[in-house]
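This briefing is for a reader meeting the structure for the first time.

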Amino acid sequence: MPPRLSVLLARGLSATLLLAAPALAESYELGQGYPIAGPKLIASAYVSLRADHLQGENSRFAAQDVSLLLHGDLGPLWHFFSEIELSNALVYSGDGVKTTDADLDFERLYLDHNLSTRTALRLGKFLTPVGRWNLIHADPLVWTVSRPLTTTVAFARNASGAQILGSWPWDEASLNFSAYLDASARLDPSEGQEKTFPDLSLRPNPPNSFREGGGARLAYRNFDDSVEIGLSLARYTLKDLPGSKSLLGADLFYSHNNLELSGESIYRQDDRPEGRTEWGAFLQLALPIGGGFHAIAEHERYQAALFPRPLDSTSLGLTWRPRPPLSVKLERRVSRGEEALAPSGWLCSFAILL
Amino acid sequence: MFLRHPAVTVLSRSSIGRDCLILAFVVGTAGGAPAEDGIAVITGPIRPAIAFNRANLQDIFLKRIQVDDDGHPLQALNLPADDPLREAFSIEVLGRRPGAMQRYWTEQYFHGVSPPFVVRSPEAMVRYVAETRGAVGYLPQCQVDARVQVVAHLSVPADLASRLRHVCE
């Protein structure tokens, strides 16, 4: 969708919903958005700046993501959400300053309809529910600058179509589920701009988007959300890649006194006899060391179907998160094997959710 | 399994975290015998069509439930984060202190879900709940009046009960 149309959409929604704004006034809090029209229309944004110095790549500084989030209620049963993302708006590297890599896209654009107290129907473009990371992938919300390949390469990060999602109590815990059908090839002509391995100059590097497919995720969360265990299933075809893929994923999250342990794994099979399997797993530890600082350790092993050797990548980092919506990160990554997929080097970022 | 119109249900929690507040959670109808101390969960004169058991109450305050069984919107309300009543309610119902919820709400905000509104005082809570269909709040039991109805009751440990009595005197 052209940017001009998105501006008109935002203005139209703002004007419509202003009429329904209640009297309750809310003060602004960092990371929780700004009410444009009371609680009926809320705007927010997140900004991520990134610098990296990686082997085989030019040193680079980039305004990585500038995202505008807009959401609100359309009556008692309908809710809309949009995220417009401008990525690589400004990139400084060995070639000087560039703006030609800039890409403006609707990262998410959907309507939610409450079918019952615990079940909702989602229509539009949404984050693919595979694992936990993809659902909270914004830089201010994750501990590392780099994103594990396990959370992004084997499936498209977004799906367009319909999704059913809900939450059910189970003893004192809850079971959260989502199931979706994707028809990106018909519904989202803008798909295909983002690459499977973004920001890297390696080949092959096909588009990261579905043609069509479907899947589901089931997650267990305990009473205080300190434990989450998820299972994801999907079957789909990808743009510019032959064959149908079947994916199985598992994810784990555990937190205690600000310590966090998380991990994900995926296994993807190709239905063609000549098709190669793709698999990967990572484990990440975020250890609080005081003053809002966390020491980060992460290891990932990944076998991409398009490359002959597996990658082993270890990252050690320091993340300063004085408040949850704000983070400053420094990371040293050392890779072995198919190193081009995640080159060794230094990465740092500043991110804020407004 | 939910009880849509429970008579009186008593649930107990042995411990929550290191600080181990031991509370009893009593769900009853508005006509149930009220306890003198403790926290009353309140709605306006039109009671939302949902059972106010602990699982539902948790999900209402986590915004995982946003409408009742009849499709009317629900609106959870909180007292300020440093209010001892808010802290007791948060620990019992959500399993965490208010300060520990910030990460949860930051992640939820990324999905377009904002935290419950905050009202400045118990009186503001009563007024907002009484005038807003679907609003769900909480008060010291002794501050409940005829403008609102009690849909659940949480008993509290002796030290907090003493502080709540002081508030009511």
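How many cavities of 30 Å³ or more does the count come to? The model is a predicted one, and in it the count comes to four cavities of 30 Å³ or more. Chain A averages a pLDDT of 88, with 91% of the residues scoring at least 70.

**The largest cavity**

- The largest cavity has a volume of about 150 Å³, and 16 residues line it, of which A:Arg132, A:Trp133, A:Ile136, A:Ser262 and A:Gln284 are the closest to its centre.
- Two or more residues of this lining come from each of β13, β14 and β15 (278–290) of chain A, and the element that gives the most is β14(A), with four residues.
- By class, the lining of the largest cavity divides into eight nonpolar, three polar and five charged residues.

**The second largest cavity**

- The second largest cavity has a volume of about 110 Å³, and of the 16 residues that line it, A:Val153, A:Thr196, A:Leu241, A:Arg268 and A:Leu306 are the closest to its centre.
- The lining of the second largest cavity is made up of twelve nonpolar, two polar and two charged residues.

**Backbone details in the loops**

- The peptide bond that leads from A:Arg203 to A:Pro204 is cis, with omega near -5°, and A:Pro204 lies in the loop between α2 (184–187) and β11 (210–221) of chain A.
- A:Asn88 has a phi near 50°, which is a positive value in a residue other than glycine, and this asparagine is found in the loop between β4 (78–87) and β5 (91–93) of chain A.
- A:Asn257 likewise has a phi near 50°, a positive value in a residue other than glycine, and its place is in the loop between β13 (244–256) and β14 (259–270) of chain A.
- Is each of these two asparagines buried or exposed? A:Asn88 counts as buried because its relative accessible area is 11%, under the 20% cut-off, whereas A:Asn257 counts as exposed because its relative accessible area is 55%, over the 50% cut-off.

**Where to read with care**

- Within chain A, confidence is lowest in helix α1 (residues 3–18), at a mean of 41, and highest in strand β16 (residues 293–303), at 98.
- Over residues 1–25 of chain A the pLDDT stays under 50, and for this stretch the model has 30 contacts beyond four places in sequence.
- Where pLDDT is low, the predicted coordinates should not be read in detail.

Definitions and conventions. Residues numbered from 1 in each chain as written. Chains lettered and ligands numbered in written order. Predicted model: local features only at pLDDT ≥ 70, side-chain atom pairs only at ≥ 80, totals over all residues. Heavy atoms only, no water. Buried < 20%, exposed > 50% of the residue type's maximum accessible area, 1.4 Å probe, protein only. pLDDT = per-residue confidence, 0-100. Contact = heavy atoms within 4.5 Å. 1 Å grid on protein atoms, 1.4 Å probe; cavity = no way out; pocket = protein on both sides within 12 Å on 5 of 7 lines; lining within 4 Å. Points joined across faces, edges and corners; volume = space filled by probe spheres on them. Nonpolar A, V, L, I, M, F, W, Y, C, P; charged D, E, K, R; others polar.
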